[in-house]
Amino acid sequence: MPVVLAQFQYPDSGQYWLRVYFLVGVIVAQCRWLENGDVSQRDHLLGEDLTGLPDLAAADQLFNGSTVASRFLRAELELNARLRTLSFGKPVRYTYNPLEYAWDTHQCYVEKYCQEGQSVLFLGMNPGPFGMAQTGVPFGEVKAVRSWLKITGAVGRPAEEHPKRRITGLDCTQSEVSGARFWGFFQELCGETHNFFRHCFVHNLCPLIFMSESGKNLTPPELPAAERDALLSCCDSALCQVVTALGVSMVIGVGKLAEQRARRALAEAGITVRVEGIMHPSPRNPLANKGWANIVRDKLDNLGVLSLLTS
């Protein structure tokens, strides 16, 4: 079956082939089930690709948009294209990218809350299995995403799922402690979402979640060196695009790893922005289990961010 590309005009020739690569990926996903007529394959692709990725018209609009949100989403689509060229061996057995299968809810989050005038970017490392992996939202514990952030949309499925780590999207009943702590803290502090997002935005350095054969969550530092370096090189470059698009003056890493990567990537790119850090809310961190909210509140006060959120 021949594939005909629509006529898209992109003024930035340096990104032309990257955009073509992305659009071809979407077209191929849309054509595969048409060629074989297999309903089960079609339904699988609807979950993995069609529901999870923007159609061609929407992609073209994003690539040519001038709002902060469209520039942010453009950087993420380009990161997706780069990440598709990577492969991961042992100990990684499963790799999920919620910026593909949960693009609908992720786009809702970005378009709803990514806006002009934000000065602080909270930066996480990568998704958790019951947070962003389910919802497409950083630290995206389902209850917080539905009840406080008011995010809606369809969530598909990755191409291959671990039987103990199924994606059920906004219907997921498992709570993620890190996400519940993170968004719960800012809900209690700010009350309304507007009071938080008029100054701040939240993003993850890496959109991928990695799992071993047993379903154990693997962080990027646990990958083989060559694979880790290739991954983080892509993510560092995208972070620089994101920080430039947002125009923030401060990046706050949530956890030491995110803080260190942000400091290194932005310094090497010559982007002048203040980089700080707060404790990660993970229950694996014993200190976080002894009053994470109070510790973070004091740190944000010292950084001058608390006054922004309570004024």
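Which residues in H4 meet which residues in H6? On the H4 side they are Ala69, Phe72, Leu73, Glu76 and Leu77. On the H6 side they are Trp103, His106, Gln107, Val110 and Glu111.

## Overview

This is a predicted model. The protein chain has 14 helices and 7 strands. Of its 311 residues, 53% are buried.

Take contacts between residues at least 6 apart in sequence: 78% of them join residues at least 24 apart.

## Helix H4 against helix H6

Two packed helices are described by the angle between their axes and the distance between the axes. Helix H4 covers residues 68-83, and helix H6 covers residues 103-113. Their axes come within 9 Å and cross at roughly 145°. The crossing of H4 with H6 is right-handed. By type, the residues of this contact are 6 nonpolar, 2 polar and 2 charged.

H4 is mostly covered, with 14 of its 16 residues buried. Its length also checks out. At 1.5 Å a residue, the 16 residues of H4 should span 22 Å, and the end C-alpha atoms are 23 Å apart, so the two values agree.

## Cys108 and its partners

H6 also holds Cys108. Cys108 touches Ile151 and Thr152, leaving aside residues up to four places away in sequence. Along the chain, Cys108 and Thr152 are 44 residues apart. Their C-alpha atoms are separated by 6.9 Å.

## Backbone exceptions

Most residues other than glycine have a negative phi, and most peptide bonds are trans. The cases below depart from that pattern.

The bond joining Lys90 and Pro91 is a cis peptide bond, with omega about 10°. Pro91 sits in the loop between H4 and strand S1 (94-96).

Phe139 is not a glycine, yet its phi is positive, about 55°. Its place is the loop between helix H7 (132-135) and helix H8 (142-147). Is Phe139 buried or exposed? The cut-off for buried is under 20% relative accessible area. Phe139 has 8%, so Phe139 is buried.

Lys150 also has a positive phi, near 60°, and is a residue other than glycine. Lys150 is found in the loop between H8 and helix H9 (177-190). Exposed means over 50% relative accessible area. Lys150 reaches 51%, so Lys150 counts as exposed.

Helix H12 runs over residues 256-268. At 1.5 Å a residue, its 13 residues should span 18 Å; the end C-alpha atoms are 18 Å apart, so the geometry agrees.

Ala258, Glu259, Arg261, Ala262, Ala265 and Leu266 are buried in H12. These residues cover an arc of only 170° around the axis, so they lie on the same side of H12. On the other side, Lys256, Ala267 and Glu268 are exposed.

What covers the buried residues of H12? The cover includes strand S2 (120-124), helix H11 (225-246), strand S6 (250-254) and strand S7 (274-278). Just after H12 comes Gly270, with a positive phi of about 75°.

## Val251 in strand S6

Val251 is found in strand S6. Its relative accessibility is 0%, so Val251 counts as buried.

Which residues does Val251 touch, not counting those up to four places away in sequence? Two of them, Ala262 and Leu266, are among the buried residues of H12. The list also includes Leu121, Leu123, Val243, Val273, Arg274, Val275 and Glu276. Glu276 is 25 residues from Val251 along the chain. The C-alpha atoms of Val251 and Glu276 are separated by 6.3 Å.

## Lys299 in helix H13

Lys299 lies in helix H13, residues 292-303. Its relative accessible area is 31%, so Lys299 is partly exposed.

Lys299 touches Gly277 and Ile278, again leaving out residues up to four places away in sequence. Lys299 and Ile278 are 21 residues apart in sequence. In space, C-alpha to C-alpha, Lys299 and Ile278 are 6.9 Å apart.

Methods: Residues numbered from 1 in each chain as written. Predicted model: local features only at pLDDT ≥ 70, side-chain atom pairs only at ≥ 80, totals over all residues. Heavy atoms only, no water. Axes fitted to C-alpha atoms, helices over the stretch in contact; angles between N-to-C directions. Helix = DSSP H or I, 4+ residues; strand = E, 2+ residues; numbered from the N terminus. Left-handed = near helix turned anticlockwise from the far one by under 90°. Contact = heavy atoms within 4.5 Å. Nonpolar A, V, L, I, M, F, W, Y, C, P; charged D, E, K, R; others polar. Expected span 1.5 Å × (residues − 1). Buried < 20%, exposed > 50% of the residue type's maximum accessible area, 1.4 Å probe, protein only. Arc of directions from axis to C-beta.
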